[in-house]
Amino acid sequence: MTKPSLPELLHAAVAAVGGLERPGQVTMATAVADAIDGNSHLLVQAGTGTGKSLGYLVPALAHGERVVVATATLALQRQLVERDLPRTVDALHPQLRRRPEFAMLKGRSNYLCLHRLHEGVPQEEEDGLFDQFEAAAPTSKLGQDLLRMRDWADETETGDRDDLTPGVSDRAWGQVSVSSRECLGASKCAYGAECFAEMARERAKLSDVVVTNHALLAIDAIEGAPVLPQHEVLIVDEAHELVSRVTGVATGELTPGQVNRAVRRAAKLVNEKAADQLQTAAEGFERLMELALPGRLEEIPEDLGYALMALRDAARTVISALGSTRDKSVQDEDAVRKQALAAVESVHGVAERISNGSEYDVVWYERHDRFGASLRVAPLSVSGLLREKLFADRSVVLTSATLKLGGDFNGVGASLGLAPEGTEGEDVPQWKGIDVGSPFDYPKQGILYVARHLATPGREGSRGDMMDELAELVEAAGGRTLGLFSSMRAAQAAAEELRGRLDKPILLQGEDTLGELIKTFAGDPETCLFGTLSLWQGVDVPGASCQLVVMDRIPFPRPDDPLMSARQKAVEENGGNGFMAVAATHAALLMAQGAGRLVRATGDKGVVAVLDPRLANARYGSYLRASLPDFWYTTDRNQVRRSLAAIDAVAKADGK
């Protein structure tokens, strides 16, 4: 039998999921197949509606080697495992003559821990473990959640937190889960044979396709202890998120609360001298943190240096002592010891990293209203790490609706550790970037309006002219507005102002769960939804409920953001343009994501309004505009009001 062609396979898969074949999807599938066959790397920009998951799944399944698919959001992981993969596998089975297996794999703390559930949680004030079910009042929300999870443990096949509906709070889940550091290990644990996390790993080892998240991919790359099974192909979907997720995993933090927890957990398990040494170091660190002012520490102050070395040395002493002493008076000592060891090792790791003072790290203080001060350390750049760990020994395909910024892929490529496209060299990963377009007719479906007449936004202070403009636009659109703001304070101020001015429901992020807010927004065309960062990329509302997307200002990073400003400075010291490489790239990515909220289906029409004149007037404005969908562009406020009113009238006539 002849091997089925890629177009035939794609056609079968698209029919199975009830979709329409798009030219961009065919182009993408062919490019992915070529990259996998040639063991090279590919960046694919595929606009909303292209059907990009089938564009990479079909060639990956046809190739036959094991593939890992890493996504940024839970929603896409679920879509792949519950919808796209089952249907695609069924559709391709007759032609491939095999049925590829697939599985989802997450970090250990996402799975129910049977040891925790049955044996209890390490108690800091007492010896050994305590029964969290007895400790929580059965009538309390926590008590009810714990009892529900105990019943669920008997019926769940996966133990995966996301399969528990309705969900539970982080606090409740923390009572029945462990991190990989706290885990006893399957061979030492009485429940090792039934462990949900181990079963998930075993399923992944036997699967042809493993769906995971960016964080686990980063842990697998950074920590050197493989979490993912061996694979020949890596596909990173929602790839615009990868750098920030990897940075998050590579960021360390020390807080007085975390250090004190480590002291309490270890105190009963080590000799008095070791415990006192750690206690004294913790007190010294806490005193310093009370005086900490937010901001970057370009040099580690002498007193902080001493405090960190004291913490590092005391933690090392406790780690040694934990390994050599046994105390039979502590019940279930192995679990208690493992949790104490995890807490102390975490303190030791961060204290040592900051003490060592790498030029490739950025260190800063943060202060939170509720949680107090923290000391944080993050890599200046993750590009070298990604180049070395991601692209070395497998074919990598990265895809997203927003990878091409300012007209090319080199900006995103550089953040991933890739040299400009076409650069030759022995240790230079070879890659290609392609834009497969979008099924949408952006110039006919959308308008990009820049309010050029407004005053340039300052760092703080009210923007009366912006509020007037926003109110007029929302009024003309008949509601139907998604407001994307650069800060929570700005979103709150706008919601408050417009609730007083307009007879339209204004929803505000934080006043309900994001899911509920989006549902209400989608269900009532007159409703507006205002919010900040997660709305810029997390909203999918096709149809008449979202016909105006407003951005209050260009979302540059805050000038006092320690990590972004350090990255900008580093680029400048190497002779580059730090503002364009860091701040403008960050803003372009967010604006492209935000503008992508407008047109989600072929019938959608509307306006993206940017209430920041710099998009029209500043030199970098053309770079940012080139990163957005190719909407019809105007700065004429009267024209845009007429267009919004006309779009609203059509929607009302259609009963929407």
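The text below takes the strand and its pairing, then the cavities.

The model is predicted, so local features need pLDDT of at least 70 and side-chain atom pairs count only at pLDDT 80 or more, while totals for chains, interfaces and linings use all residues. Residues are numbered from 1 along each chain as its sequence is written, and side-chain values use heavy atoms, with hydrogens and water left out.

Strands are DSSP runs of at least two residues, and helices (H or I) of at least four, numbered from the N terminus. In a regular strand, side chains alternate between the two sheet faces. On one side of E14 lie Gly-446, Leu-448 and Val-450, on the other Ile-447 and Tyr-449, and all are buried.

| E19 (residues 606-610) | parallel | 5 bridges | Val-607 |

A search of the whole structure finds 4 cavities of 30 Å³ or more. A cavity is a set of points on a 1 Å grid over the protein atoms alone where a 1.4 Å probe fits but cannot get out; lining residues have an atom within 4 Å of a point. The largest cavity holds about 280 Å³ of space, the volume being that filled by probe spheres set on the points. Its lining has 25 residues, with Cys-113, His-115, Val-178, Cys-183 and Leu-184 nearest the centre. Helices H5 (114-119), H9 (196-205) and H15 (333-356) each supply at least two residues of this lining.

Note on methods. Buried means under 20% relative accessible area, exposed over 50%, partly exposed in between (1.4 Å probe, protein chains only). Two strands pair if DSSP finds at least two bridges between them. On a 1 Å grid over the protein atoms alone, a cavity is a set of points where a 1.4 Å probe fits but cannot get out, and a pocket is an open set with protein on both sides within 12 Å along at least five of seven lines; lining residues have an atom within 4 Å of a point.
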